[in-house]
Amino acid sequence: MQPAQEHILAADVGGTHIGLAIFAHHGGSNFSLVRHKTHLSRSVSGFPALLKDFLVKEGRRLVPRVRKACVAVAGPVGPDRSEATVTNLGWGFTAAEITESTGIKDLTLLNDFEAIGFGLEILIANKPEAFVRLSRTGRLPRRKGRKPTVAVIGAGTGLGTCILIHDSKSGLYRPVPGEGGHADFVAIDEDEFRIAQWIRKHQNRSSRQPLECEKIVSGPGLVNVYRALSELEPHLGNPAHIKRVFKADPYDRPAVIVRNVTKDPLARRALDTWLRCYARVAKNSAIFPLSPGGVFLAGGVAAKILPEMKSGVFMEEFIRCDVPNMQLMLKRTPVFVVTDYSIGLHGCANVAVNGELVA
């Protein structure tokens, strides 16, 4: 690989983890990760200071020096990209604070799923093995020529979404960020309706308001489903297993549920329900707009439960459709799990180098 033409500072500020990285850019779509650290989001009180400390410790000996930076945030970014707020943490920062702290003036702020969208083809170019196909057919989007529309969705602390469309000027994907996690959840059978109504009553700020998708399709959403079932069908669960789940740290509860699926019918039922709900949200993303380039499942959950994602429950629900020609289209739609959580950091590096992408 060619020597580094430049070094890029990238950060991905999520509701659970904060990823910090420095990339070497070797020209074109060729990037390599040269420094990387992860912090628990709830342990960070001042993000600009954290970023400065990382840059000082990890970037001081790099040649060329770091002169560009891009920061992605799990929350809204101001229309002029001068400030950002982390939705599930309740704090934020401004571009001016980052610039003052790090001394880097070439800075861009992004929404986290906007960054994931920008990272998709960079990760495909540099690490294609990071994509695991769930569908029977399909291949990754080609690197050259016109690119088919792609849907990206990811369950983590919340539920993020974006659509990638071909940009004829740059020849690259341009993300159209969305807030699909806050779309209304729709139950399709009696069991789901009862679960949704329980969550709406006990987890919504107001039970009169609709239940949003991410109250079910997210890591905390899996816990909501488990809790609802433990109340609605207490005979399903082992009291010792239920106690173990709710004694765990809230961030660890989804993992505890997944670990128990082979010995706890309640955990099995909760996870299967969750997988079907996730599949329908992904299906809806593939249908509107039509996404022949595929559906990519990012976020923090899918890669951690890959055997469950590959079990057949997800794809069986994904292709379920009452209209035969639409079902055929869904069967032809590639579905991939993104197993490299640094995809958002790759997107930040892409934007830092190709700043006109977000113009």
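Among the 55 residues of the largest nonpolar core, W274, Y278, L297, M309, F314 and F318 touch the most other members. A nonpolar core is here a set of buried Ala, Val, Leu, Ile, Met, Phe, Trp, Tyr and Cys residues joined through side-chain atoms within 4.5 Å; buried denotes under 20% relative accessible area, exposed over 50%, and partly exposed the range in between, for a 1.4 Å probe and protein chains only. The model is predicted: local features need pLDDT of at least 70 and side-chain atom pairs count only at pLDDT 80 or more, whereas totals for chains, interfaces and linings use all residues. Residues are numbered from 1 along each chain as its sequence is written, and side-chain values use heavy atoms, with hydrogens and water left out.

The largest share of this core, 12 residues, is supplied by α8. Helices (H or I, at least four residues) and strands (E, at least two) are DSSP runs numbered from the N terminus. With neighbours within four places in sequence set aside, F314 is in contact (heavy atoms within 4.5 Å) with L134, L275, Y278, A279, A282, L297, M309 and V335. Another core, of 25 residues, lies apart from the largest one and includes A11, V71, I104 and L107. In soluble globular proteins, nonpolar side chains tend to be buried together.

Helices α8 and α11 pack with their axes 11 Å apart and at an angle of about 100°. Axes are lines fitted to C-alpha atoms, for helices over the stretch in contact, and angles between N-to-C directions run from 0 to 180 degrees. Angles under 35 degrees count as roughly parallel, over 145 as roughly antiparallel, 65 to 115 as roughly perpendicular and the rest as oblique; α8 and α11 are therefore roughly perpendicular to each other. K283, A286 and I287 of α8 and M326, M329 and L330 of α11 make the contact. By class, this contact of α8 with α11 comprises five nonpolar, no polar and one charged residues, where Ala, Val, Leu, Ile, Met, Phe, Trp, Tyr, Cys and Pro count as nonpolar, Asp, Glu, Lys and Arg as charged, and the others, Gly among them, as polar.

M329 belongs to helix α11, which spans residues 324–332, and counts as buried at 16% relative accessibility. When residues up to four places away in sequence are not counted, M329 touches I287 and L290. M329 and N204 are 125 residues apart in sequence, and their C-alpha atoms are 35 Å apart in space.

The count of disulfides, each a pair of cysteine sulfur atoms within 2.5 Å, comes to zero. C70 is in no disulfide, the nearest cysteine sulfur being that of C348 at 3.9 Å; this separation is too far for a bond. C70 is buried at 0% relative accessibility, and C348 is likewise buried, with a relative accessible area of 0%.

Backbone geometry was also examined. The peptide bond from V63 to P64 is cis, with omega near 0°, and P64 lies in the loop between α1 (47–59) and β4 (66–73). F288 and P289 are likewise joined by a cis peptide bond, with omega about -5°; P289 is placed in the loop between α8 (265–287) and β12 (295–298). R81, although not a glycine, has a positive phi of about 60°. This residue, R81, is located in the loop between β4 and β5 (83–86) and is partly exposed, with a relative accessible area of 23%. Most residues other than glycine have a negative phi, and most peptide bonds are trans.
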